[in-house]
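Open the model in your viewer and keep the sequence panel beside it. We will go from one selection to the next, and at each stop you can look at what is there.

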Amino acid sequence: MLIGQVNKVRISMTTAENGLRALEYLGLGAEQEHSTNGNGSKVNMIITDYCMPGMTGYELLKKIKESSILKDVPVVIMSSENIPTRIDQCLEEGAQMFMLKPLKHSDVKRLRCQLMQCQG
């Protein structure tokens, strides 16, 4: 799981070992549920694997999209499993992109464009 911050041309990444740790970092953990003092306001993009210990990328996506602070942060989900219903479910829930692993050069270019807020 990568949580990214973009400042001009400097990109800063934070990693979390699983979805629960990501929620804690973002200020959405169980103890922080009603708090607004997490790192969420500093995050420009979230990249997560679909298969993680403790929760799926889809479950993480739902929590993020339910948050009034984080709902507009783009979430990219990656998976090595090409399961169309899973991909559709994530995109319908609000994922910006669903990328299949292993990533291709064109995927990385699209992701970079998303980070830099390119058009097209």
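**Stop 1: the hidden side of α2**

Which residues of α2 are buried? Highlight G57, Y58, L60, L61 and I64. Now turn the view until you look along the helix: these residues cover an arc of only 155° around the axis, so they sit on the same side of α2. In general, an α-helix has 3.6 residues a turn, so residues three or four places apart point the same way.

**Stop 2**

Move on to α1, residues 19-26. Its buried residues are G19, A22, L23 and L26. Looking down the axis of α1, you will find them within an arc of 100°, so they line one face of the helix.

Next, pick N18, which caps the N-terminal end of α1. One of its side-chain oxygens lies 3.1 Å from the backbone nitrogen of L20. Then go to the residue that follows α1: G27 has a positive phi, near 85°.

**Stop 3: D49 in β3**

Select D49, which you will find in strand β3, residues 45-49. An unreviewed UniProt entry annotates D49 as "modified residue: 4-aspartylphosphate". Is D49 buried, partly exposed or exposed? Its relative accessible area is 24%, so D49 is partly exposed.

Show the side chain of D49 and follow it to the backbone nitrogen of C51, which it reaches at 3.3 Å. Then display what surrounds D49: leaving aside neighbours within four places in sequence, D49 is in contact with G57, I77, M78, S79 and K101.

**Stop 4: S67 in a loop**

Now find the loop between α2 (57-66) and β4 (75-79), and select S67 there. With a relative accessible area of 9%, S67 is buried. Which backbone nitrogens lie by its side chain? A polar atom of the S67 side chain lies 3.2 Å from the backbone nitrogen of I69, and the side chain of S67 also reaches the backbone nitrogen of L70, at 3.1 Å.

**Stop 5: two cysteines**

Select C90 and C113. C90 is buried, at 0% relative accessible area. C113 counts as buried too, at 18%, because the cut-off for buried is under 20%. How many disulfides does the model have? The count comes to zero.

**Stop 6: the whole chain**

Zoom out and trace the chain from the N terminus: the elements run β-β-α-β-α-β-α-β-α, giving four helices and five strands. Of the 120 residues, 40% count as buried. Among contacts between residues at least 6 apart in sequence, 51% join residues at least 24 apart.

Finally, colour the chain by pLDDT. The mean is 85, and 79% of the residues reach 70 or more. Where is confidence lowest, and where is it highest? Strand β1 (residues 2-7) has the lowest mean, 61, while helix α3 (residues 84-93) has the highest, 98. Where pLDDT is low, the predicted coordinates should not be read in detail.

Key
Residues are numbered from 1 along each chain as its sequence is written. This is a predicted model: local features need pLDDT of at least 70, side-chain atom pairs count only at pLDDT 80 or more; totals for chains, interfaces and linings use all residues. Side-chain values use heavy atoms; hydrogens and water are left out. A disulfide is a pair of cysteine sulfur atoms within 2.5 Å. Buried means under 20% relative accessible area, exposed over 50%, partly exposed in between (1.4 Å probe, protein chains only). pLDDT is the predictor's confidence in each residue, from 0 to 100. Helices (H or I, at least four residues) and strands (E, at least two) are DSSP runs, numbered from the N terminus. The arc is that of the directions from the helix axis to the C-beta atoms. A polar contact is a pair of N or O atoms within 3.5 Å; within protein, one must be able to donate a hydrogen and the other to accept it, and residues adjacent in sequence count only if both atoms are side-chain atoms. UniProt positions are given in the numbering used here, feature names are shortened, and annotations may be inferred rather than shown by experiment. Contact means heavy atoms within 4.5 Å.
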